[in-house]
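Hello,

Here is the structure for you to look over. My notes follow below it.

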Amino acid sequence: MKTYKIFTIVAIMMIMFTISCTKDLNTKPIDPLVSTSATVFNNANAYKQALAKLYASVAISGQNVQFTAPDIQASDQGTACFLREYWAAQEVTTDECINAWGDGGLVEYHGGNWSDGNLYVQLMYERIFVNIAYCNEYIRDVNARMNSLPAGVSQETAAQYVAEARFLRAYFYECAMDMYGNVPFATETDLPGTFLPKQIARADLFKYIESELIAIQPTLADPGTNEYARIDKATDWALLSRMYLNAQVFTGAQRYTDCITYSNKIIASANYHLLPIYANLFLADNNSYRQEILLPIAEDGTNTQSYGDMTFVIHAAVGGSEDATNTFGIASGGWAGNRMTTTFVNKVFPDASGNTDKRAIFYTSGQTLAITAPTIFTQGYLCAKFKNVTSTGAPGSNNTFVDTDYPLFRLSEIYLNYAEAVLRGGAGGDAATALSLVNQIRTRAYSNTSGNINASQLTLSFMIDERGRELYWEGFRRTDLIRFGLFTGGTYLWDFKGNVQAGIATDSHLNIFPLPASDLLLNKNLKQNPGY
Amino acid sequence: MKKIYFLKYSFLLLFICLSGWAVAQTGSITGRVTDETNQPLPGATVSVKGTTLTTGTDANGTFKLNNVPNGPQVVLVKFVGYQPLQQPVTVNGATSINLQVQPSSVTLNEVAVIGYGTVKKADATGAVDVVTSKDFNRGAVNSIQDAISGKLPGVVITSNSGAPGNTSTIRIRGTTSINASSDPLIVVDGVPISNTMAGGTANILTAINPNDVENITVLKDASATAIYGSRGSSGVILITTKRGTKKFTINYNATASLSVIPKEVPVYTGDEFRALVNQVYGGQTAVTSLLGTANTNWQDQIYQKAFGEDHNLSFSGTAKNLPYRVSLGYNNSDGILKTYNFSRTTVAVGLDPSLFKNTLNIHINLKGLYNTNNFADQTAIPNAVNYDPTQPVYNGNTRWRGYTTWTTNGNTDINGAPVTLAPANPVARLNLTDNTSTSRRSIGNVQFDYKIPGVEGLHANANLGYDYAIAFGHNNVRDSTQWVYLPVASGGQKASYNTVNRNQLAEFYLNYKKDLKSIKSVIDVSGGYSFSHFYTEGNSVSSDYNETTFNPAAPYKTEYYLASFFGRLNYTFNNKYILTATLRDDGTSKFAPQNRWGVFPAAAFAWRINDEDFMKSLNVFSDLKIRVGYGETGQQDLTSNNNYPYQPRFTLSDNSSRYQFGDLYYNTLRPEGYVADIKWESTATTNVGIDFGFFNNRLTGSIDAYYKNTTNILNIVNNAALTNFSATSLKNIGSMVNRGIEFSINAIAIDQKNLHWQIGYNLSFNKNKVTSLIGADNPDYILQNQFAGISGATSGVIQADKVGYPINSFYVFQQIYDKNGKPIEDGYVDRNHDGQINSNDLYLYKNPAPTVLMGINQDIAYKRFDFSFAGRLSLGNYNYNNVASGSTYRGLYSSLGYLANQTTAASQTQFTVATTTTQSDYYIQNASFFRMDNMSIGYTFPPYVKNKLKLRINAGVQNLFVITPYKGLDPEISGGLDNNFFPRARIYQLGLNASF
């Protein structure tokens, strides 16, 4: 009997204990920074914080600058940022920029011999699509809560957040369409882990982006009425203007008339005009220039720290005998990487001194114009356009991470889009307005009318150079050269195009990047772009 | 769920019910056979000399012999591994006798700890190896891994660096996982230890003083490890510490050591470097003007001869029936890298009280560790390779504390702004960095073993354990340094961190052991459960040196739980046939409820053939046993605090990663990548083995063959674009097979009064092959290992997996060579003949795992002198020589305006652009090696003071020499990616051991 009792007691104790144990296996994260998706949107603050992530994903690498919570994997988290990747794809591949680091990936970018294994090709692609995945999740989650929003978030506000998320998704898809052509495609209706994306043809993607940008217009804020650094209707029109201008490349069909239509909406808006001093647009206090910068990547040396945003653009351009501390506000030093090719300087700025056309913001002291060895930074003129000092010369808030905002959409682009669309035969605009808009830009550049052109000078070949002068290093060059048929082939050669000092013709398949081999392996729905 | 619970409880019930059997017998000589430690010896053969009367001892070591003629008799006790005992006895009716046997010279007597119990090694049915303290590598005092390195077939121990107190990577029978842990489970006195270590502390094996260890049992095959279920896939190492002795004993050990660097990385001298830069960059004054005039060997500047000392004092005895052992250990070792220091103070207390007339046996273990490290700034190691040898250590500047520093503007102003991304002055790095940590750790448990009254042989066992660790440290850098340059604030850095680990364990099981003589059977059943909680939290804070500007703090905390039910049946028939069956059901909080529980069964059978009559008559074998086993085990250790991988989560950013809307900055909220259906990685192992002994076990050994099939391998892989919120995820990706053979032999070649010579040799082959990959619809499917990062490479990854190839194979271009055998830069074989070189031309070539491993050790004693050595041979392992691939003519000069020295490997390739050259198979190099791990000579003094004081002195060398075709500094690189690691030292030692 005694034994029996002991057994009973032991058995009961065991069962009680084990039941409590097995319950403990249902754990939830205990870290206060982590919440589960089931509950996160019960909190009113989450709507704007999650939206902030979508915006921030163009600038920063993850949830902290120490790289312990990166968005995507890379040995150098600076290279895993959207802007750094986008900038390299649009600039280092062209006459506007040659890099001195000799880094694997970048050398091939400038040499026009990249492959499907190129690290930069892969990281740009991963970054675009993880950003789209974030957007899809946000749109899906907030739409699902539309009828059960917590106090403090109105339906109208939530709808506007969703519209901005849809804009960002459209923007990322536009970048994908431009760079990779035929890409995987998914929207908020595709649940994570349940599908393998189908490939969408470039022209079909164009239609999708267009429909999205038009659909969200009524929900977006009126021009200039939203908070700083957030999307409004004008941003939406600007992206439409940009993609219609390139529609021939993307779809094979011209849409210049539509380009003029949307450019006109912005030109006609009383909110926007050119600011008097070109150089000030690229300084640490450029957050006060909303009249010209339609949408910036908002930067702050204290709050938005990243090695792959404007911090990269500024640091990578500084070296040689430049004064990093006083001229550029980056006392931690330059990275001595990016500078102009000889060809670009000679072609676009006959007077590179900046005395006539003040947009030639170059640093030449101790630099040779000619580049014979790409890894020697003192060869080639340096670009001093972007700086982490204010218009009054005060340094930014941090000596590494910059305060200077990156202009993602700027009024000058819209003026030039309009002029080019008119030249290319678009309806709804006129040559006189085109000439006037171009001359407004040039008048500002020269501080007087001495640089103004006449109607006969306003040609397409003038336009590609003028875009170079006005928009250099702002992420347009690759797309522009492709539209003008100059990116590949032998019509236009620049230093080390085709990996040869004098430059040689390259093959036209380089007009779009390959899909990275890493994703082709994983997604059997994908077919590689031609030529790779 | 109901079903699972039913299974679990019926399972428990079964073992409880089995304990109901009870049978009784009588005889005319009764007695008990014990071993040298007074523990009962089951399975020993007891006979009466000159008669046919014979019997075996039961689980408690007792025996009964009936029908023994009265009068003087001689009782004979035989047991494998023990000296036969002849004990005269006068039989008069019911006589009782207690017999103690002494071990024979070989080690088959070893008790193997098998998890929730022990067996004699001779009775083990699984692949189990035991190393007792007397077989430890002599003179290896710093860590347990040094002590057993090379002793065990199929066990590869690779120290990760030459820093004293460093961690080692242990692999038992090859790599079982890719990205989940392949580390074996380590169990110390019954407490399974988490692999997650508190910041700054090395792994648990360095935290335990090797002098406190009595024996180490390694469970290799799944039939043995399945009792640890989800944690048994990579093998289990069970450490048993020394216990109190009967006689009071004081033992003192002291060792002094001197470490030297065996070899430096071959780099250009100042003169060679000047010549080379002028040759490559002739005419480019921007480059050549940077050259200095000095000849500095930077590696000589950072390495030193390092001293170390180790002391251990232990007291052991029995006070009023309370056996106790108390030990104190102190180790203080400098590293060969200047400023590096490791200091460890350990306390261990073991108490084994028995209460209630020995029905309640309690084992109390308390271990304390106080460890301080000065990690130094180990970036000095690559910097010493790369720093320009034409520059002096000090150049008279005032801005950089005198240390030569690369400055901007062509190095023209030695007090100018620094080139922050240039290699830093390695001497400055060491002298201006204060990178220290302190950790306190305590591991303890109380184990109650209660003989339940009324049922003979029934024990209840409860084990309550904990493992708490607190670690804190800082990595501070003085101001006015180039590598932490913050000119606006005061500069420098203060970075501190702390970590707390709190793990608890509660276990309970019932054990029933019964000798059923009527059916010649011994049964031994156990059943119980185990419950563990693992908790980690920490924080880190950093600022400039004067603490004027702070970076956002980075606090974290996380936890997980494991719950398990387990049972084991050992059934022995006629002392010759042994069957073991185990079952474990594990639940982890890491997986979703539908994937949470895993059942891990195992069964093994052993046949002691030499106890068969037909073998006895042969008189060839002194031991012969065949073992066959099968078992399944799992892996849920996802490493790096990945405790909620299946749950969709959002993470809030810190204040450095906010985004501006209007005038406000918003912390960002990010959806996390997750894998809803992530589940157990599981391994099924089949093992066949033979243990044998000849010449009264002077020659013993074993052969094992195994086949391990791992399914649902966990690996970090790329996600297809758009399918998740991270570019990579840890997923179940496929399966692989490890096949291998292990052979070990120990021989006492000479056993004379004045000369004793023992030789041990082991050999193992392991072959690994990936057998399936999820998503691999086409045979060319390749999975790149995203974690295997190398520096300087285009893609950053160099390893990949493919069906039919060994896991972690190198994934590279096939180099083309010119007629002189020099590799052609960016010249690769167009393997798919499509006219261009791209990712499709990469191929799988070699892998880091050795195919053949051998260990050899010998110990020869002549009179009072002894001499021993132990060495290892590893064949077929390949390294990616990242040091060489990073050495090119391209690397001599950087656009940032500095020069960088290269290893002399640069002259062999003369690569000048070097963008894809890092992916060349040229850098995949054969890293087979033979290493003489240690060699030692000792002298034992005659006993002094009434034969009580025993004294021994010894001298030895660790890491005496390495023979290898490998072109890098050291061929032995865990994981096969060789990139400037802390070089292993050669250590000369003098030791003294005194016991009283």
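Which residue in strand 31 of chain B is the bridge partner of A:T36? The partner is B:R649.

First, the ground rules. This is a predicted model, where local features need pLDDT of at least 70, side-chain atom pairs count only at pLDDT 80 or more, and totals for chains, interfaces and linings use all residues. Residues are numbered from 1 along each chain as its sequence is written, while chains are lettered from A and ligands numbered from 1 in the order in which they are written.

Now the strands (DSSP runs of E, at least two residues, numbered from the N terminus, as are helices, which are H or I runs of at least four). Strand 1 of chain A pairs with strand 31 (residues 649-652) of chain B. The pairing is antiparallel, over three bridges; DSSP must find at least two for strands to pair.

The chains meet elsewhere too. In chain A, 101 residues are in contact with 92 residues of chain B (C-beta atoms, placed from the backbone, within 7 Å). Among the elements supplying at least two residues each to chain A's side are helix 1 (2-23), strand 1 (34-36) and helix 5 (119-144).

Next, helix 10 (residues 256-268) of chain A. Its 13 residues should span 18 Å at 1.5 Å a residue, and its end C-alpha atoms are 18 Å apart, which agrees. The expected span is 1.5 Å times one less than the number of residues.

Last, chain B. Its domain assignment gives domain 1 (2-100) and domain 2 (252-313 + 324-995); such bounds come from an automatic or database assignment. Their centres, taken over C-alpha atoms, are 46 Å apart.

Best wishes

Notes: Contact = placed C-beta atoms within 7 Å.
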